[in-house]
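Subject: Structure handover

Hello,

Here is the structure for you to look through. My notes on it follow below.

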Amino acid sequence: MAAPRVRVALPWLQAALAEASATDTLPAMNALRWLGGHGRRVSGEPRGWREWLLEPVGGTDLLSRWPAGPTLALENGLTATGAGCWCVAQPVHFAAGLDHLRLAPLAEAALSADEASALGALVSSHFGTDELAVAAFVHGTWLLRFTRSIDCSTQPPDAVVGQNVHDFMPAGRDGARIRSLMNEIQMLLHEHPVNQRRERGRRLPVNGWWLWGFGDGVADAPGTGIDRWRLRSDDRWLRALGHALGSDAGDITTGGSDTLRGDTFIALSQPPARGCEESLSSVDAGLLSTLATHVRAGRMRSLALLVGRTTWQIESSTRFRFWRRPVAVSQWLA
């Protein structure tokens, strides 16, 4: 069997490196530095990490043909007849800045089953079934079913964390209505007993739902070629897409030693630990160290590594270039 090609997306890593550098808590990052020293920076910026990851087999429009809402509904066995639209509703905490709202880390707004049940029932009873229905709470998010098609472009919530939410709000023909719905849900959640209990327990309240991933349905599966790749990710949208298209898709944490048995996509969408320094140490000693070991042993044909907005290409032949030295972490921050 030919050595595999591997693409790895770590969208959060660049920001974590910058934060740790600024606070003088940066770990050694030996594996990342070695990979950088044996690769080359690829010019240009990818559109988004999911698009970049899947482009070799799905083209530039794969995700637009498989929106998150209907893809996750399909994965979870949810069906509906007649006209309508699916979307994802992510529980979030809008944090107040000096002159804007920003999105707190998604893990800080994670809900227990009881909390999700209470908030879902509140929104469901408020809207009834005239416009939307709260269909299910799966993998930490709600799936909503709208009674009509929605023409709205949105951003995944992980792309908005730490940013001014005004710059990422829903747009398009129905964007104004979706923004209005999000504001209405914010008012419903304000001072809800669930959030009061969270605040007493020194946890962030869930003061909003981020609506995204609108779509009436999904495209036909044949012809993408993703079934010839292995997909390992903690991102539920990508895993649902992989399953639907016949890929051997699974959680990155359960990939095991056979993760690189064939051409492989790997994406770790969120830091593996709560602390910045701990997350950096974990990913360098774990995933990045494993990748470097495979490169040194000639077990992969090529490795494309996306760190934030920086992309590096490492070819198998570089393992023979013993004179190359690890690069400084600053090279990954440019």
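**Two loop residues**

Arg 202 sits in the loop between α8 and β8 (208-215). Please keep in mind that this is a predicted model. Arg 202 is exposed, with a relative accessible area of 81%. Its phi is near 60°, a positive value in a residue other than glycine. Most residues other than glycine have a negative phi.

Met 29 also has a positive phi, near 50°. Met 29 belongs to the loop between α1 (13-22) and α2 (30-37). Is Met 29 buried or exposed? Met 29 is buried, at 2% relative accessible area.

**The chain as a whole**

The protein chain has ten helices and 13 strands. Its radius of gyration is 21 Å, close to the 20 Å that the globule rule gives for 334 residues, so the chain is as compact as a globular protein of that length. The C-alpha trace spans about 65 × 50 × 35 Å along its principal axes.

Of the 334 residues, 50% count as buried. The accessible surface comes to about 15,500 Å². Carbon and sulfur atoms hold 50% of that surface.

Now the contacts. Take those in the chain with a separation of 6 or more: 72% of them are between residues 24 or more positions apart.

On charge, there are 34 positive and 33 negative charges in the chain. Their mean positions are 8 Å apart.

**Salt bridges**

How many salt bridges does a search of the whole structure find? The search finds nine. Here are some of them, pair by pair.

Asp 263 and Arg 5 meet through their side chains, at 2.7 Å, N to O. Asp 263 lies in the loop between β10 (248-250) and β11 (264-267), and Arg 5 in strand β1 (residues 5-10), so this pair ties together parts that are 258 residues apart in sequence. Asp 263 counts as buried, at 15% relative accessibility. Arg 5 is partly exposed, with a relative accessible area of 33%.

Next come Arg 198 and Glu 115. Their side chains form a salt bridge at 3.1 Å, N to O. The pair links distant parts of the chain, 83 residues apart. Arg 198 is in helix α8 (residues 193-200). Glu 115 is in helix α6 (residues 113-127).

Arg 177 is partly exposed, with a relative accessible area of 29%.

There is also a network. Arg 50, Asp 158 and Asp 235 are linked in it by salt bridges.

**Helix α2**

Helix α2 is mostly covered. Six of its eight residues are buried. Which ones are they? They are Ala 31, Leu 32, Trp 34, Leu 35, Gly 36 and Gly 37.

What do the buried residues of α2 pack against? They pack against two helices, α1 and α10 (276-296). They also pack against two strands, β12 (302-307) and β13 (310-315).

**Ser 279**

Ser 279 counts as buried, at 1% relative accessibility.

Which residues does Ser 279 touch, not counting those up to four places away in sequence? They are Trp 12, Pro 271, Pro 272, Ala 273 and Arg 274.

Ser 279 and Leu 13 make another pair to view together. They are 266 residues apart in sequence. In space they are 8.9 Å apart, C-alpha to C-alpha.

Best wishes

Definitions and conventions
Residues are numbered from 1 along each chain as its sequence is written. This is a predicted model: local features need pLDDT of at least 70, side-chain atom pairs count only at pLDDT 80 or more; totals for chains, interfaces and linings use all residues. Side-chain values use heavy atoms; hydrogens and water are left out. A salt bridge is a side-chain nitrogen of Lys or Arg within 4 Å of a carboxyl oxygen of Asp or Glu. Helices (H or I, at least four residues) and strands (E, at least two) are DSSP runs, numbered from the N terminus. Buried means under 20% relative accessible area, exposed over 50%, partly exposed in between (1.4 Å probe, protein chains only). The radius of gyration is taken over C-alpha atoms; the globule rule is 2.2 Å times the number of residues to the power 0.38. Contact means heavy atoms within 4.5 Å. Accessible areas come from the Shrake-Rupley method with a 1.4 Å probe; for residues, only the protein chains shown count as cover. Lys and Arg count as positive and Asp and Glu as negative; His and the chain ends are not counted. The place of a charge is taken as NZ of Lys, CZ of Arg, CG of Asp or CD of Glu.
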